[in-house]
Amino acid sequence: MAKALNLINHAIFPPFLSPTTTIPKRNFCIVRASTESSETPQTSASVQTKPEPSSPPVTFAPPPNFKPPEPKRFGVRPDKVWDIFGASLALFFRLGTGVFVSGYSFSFVPKDDIPADQYALEYNDSKVKETSKVGPRPVKPIEIYEFEGCPFCRKVREIVAVLDLDVLFYPCPKGGPNFRRKVVEMGGKQQFPYMVDPNTGVSMYESDDIIKYLVGKYGDGTVPLALSLGLLTTLTAGFALIGRSGKGSSYSPSKLPPKPLVVWAYEGSPFCKIAREVLVELELPHIYRSCARGSPKRQILFDKTGRFQAPYLEDPNTGVEMFESAEIAEYLRATYALQ
């Protein structure tokens, strides 16, 4: 749980329906930090005031001479080896929770049994056929307010991966000026994670309650063992954060884009973790296309790009689409961080 530090007005982004949904073209306000009270008295109509010049609109563009990198499967950039190692420690402490979709199973089949236009891992002369059992799909993405360096938030992100849900994440890093106040306005207290289900109108605090709600509504009603051990679950979720030393917890000044970014990723991947930490630190809302092992969305991304690799970023504000976690993190800082 975390307490809000800076509170200001917020911007809310529209819900999205599916991985193929087109983002509506509409304008959104840019949120700016301010210390002024929302109860500032209005100026009387009889008083003549000189209108202040409006500030120029904020525009977003890729960095100069930017070119998306060529994807390198399972490649680790030399300067990111320790980052990936630290992020991988979570797999040990959490026993791989968040790597597989509910009901995951696999089998080896002859290579010719799976057509070339279908996603599958290859192993020698065989391919790996993966299946899972997903529950009812929400029409609109679940909305979750949280941040990376929080064990309670991690538990909820893990169940998102297990249930293969799409989520609209509103990052709430410490010191973040945009979405922490929104949580207080909606729920009445400064506590994370906070979930809103626009499909049912249900909203709630408490990670365990959120997990039970999600598995009951969009799963088979059974909470995975690794997420049902009470204090032990919370402790191991906390230990899983050790390797990243608080990354993804504190706000870095940034420009808020008019549209949320789209990220194809899953909680159990150390590569996805590196990219998402920056999204949270810059307080960038993003549609999270969860695609753990066994997810049908792996085929969707394969059809879209000709390969599957996570993370994959789509930025509707600049038109950039790219693989590679280290380069995604650098692109986000170059495009949205206030220098």
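Q: What span should the 12 residues of α6 have at 1.5 Å a residue, and how do you know whether the model agrees?
A: The expected span of a helix is 1.5 Å times one less than its number of residues, so the 12 residues of α6 should span 16 Å. The end C-alpha atoms of α6 are 17 Å apart, which agrees. Helices here are DSSP runs (H or I, at least four residues), numbered from the N terminus. The model is predicted: local features need pLDDT of at least 70, side-chain atom pairs count only at pLDDT 80 or more, and totals for chains, interfaces and linings use all residues. Residues are numbered from 1 along each chain as its sequence is written, and side-chain values use heavy atoms, with hydrogens and water left out.

Q: What makes Phe92 exposed or buried?
A: Buried means under 20% relative accessible area, exposed over 50%, and partly exposed in between (1.4 Å probe, protein chains only). Phe92 has a relative accessible area of 62%, so Phe92 is exposed. Phe92 is found in helix α1.

Q: How many residues of α6 are buried?
A: In α6, 12 of its 12 residues are buried, and the helix is mostly covered. Among them are Phe271, Ile274 and Leu279.

Q: Why is α2 called largely enclosed by the rest of the structure?
A: Of the 13 residues of α2, 12 are buried, so the helix is largely enclosed. The buried residues include Cys153, Arg157 and Val160.

Q: What makes α1 roughly perpendicular to α6?
A: Helix α1 (residues 81-93) and helix α6 (residues 270-281) pack at an angle of about 110°, with their axes 8 Å apart. Axes are lines fitted to C-alpha atoms, for helices over the stretch in contact, and angles run from 0 to 180 degrees between N-to-C directions. Angles under 35 degrees count as roughly parallel, over 145 as roughly antiparallel, 65 to 115 as roughly perpendicular and the rest as oblique. That makes α1 roughly perpendicular to α6.

Q: Which residues make the contact between α1 and α6?
A: Contact means heavy atoms within 4.5 Å. The contact is made by Asp83, Ile84, Ala87, Ser88 and Leu91 of α1 and by Pro270, Phe271, Lys273 and Ile274 of α6.

How values were computed
Helices (H or I, at least four residues) and strands (E, at least two) are DSSP runs, numbered from the N terminus.
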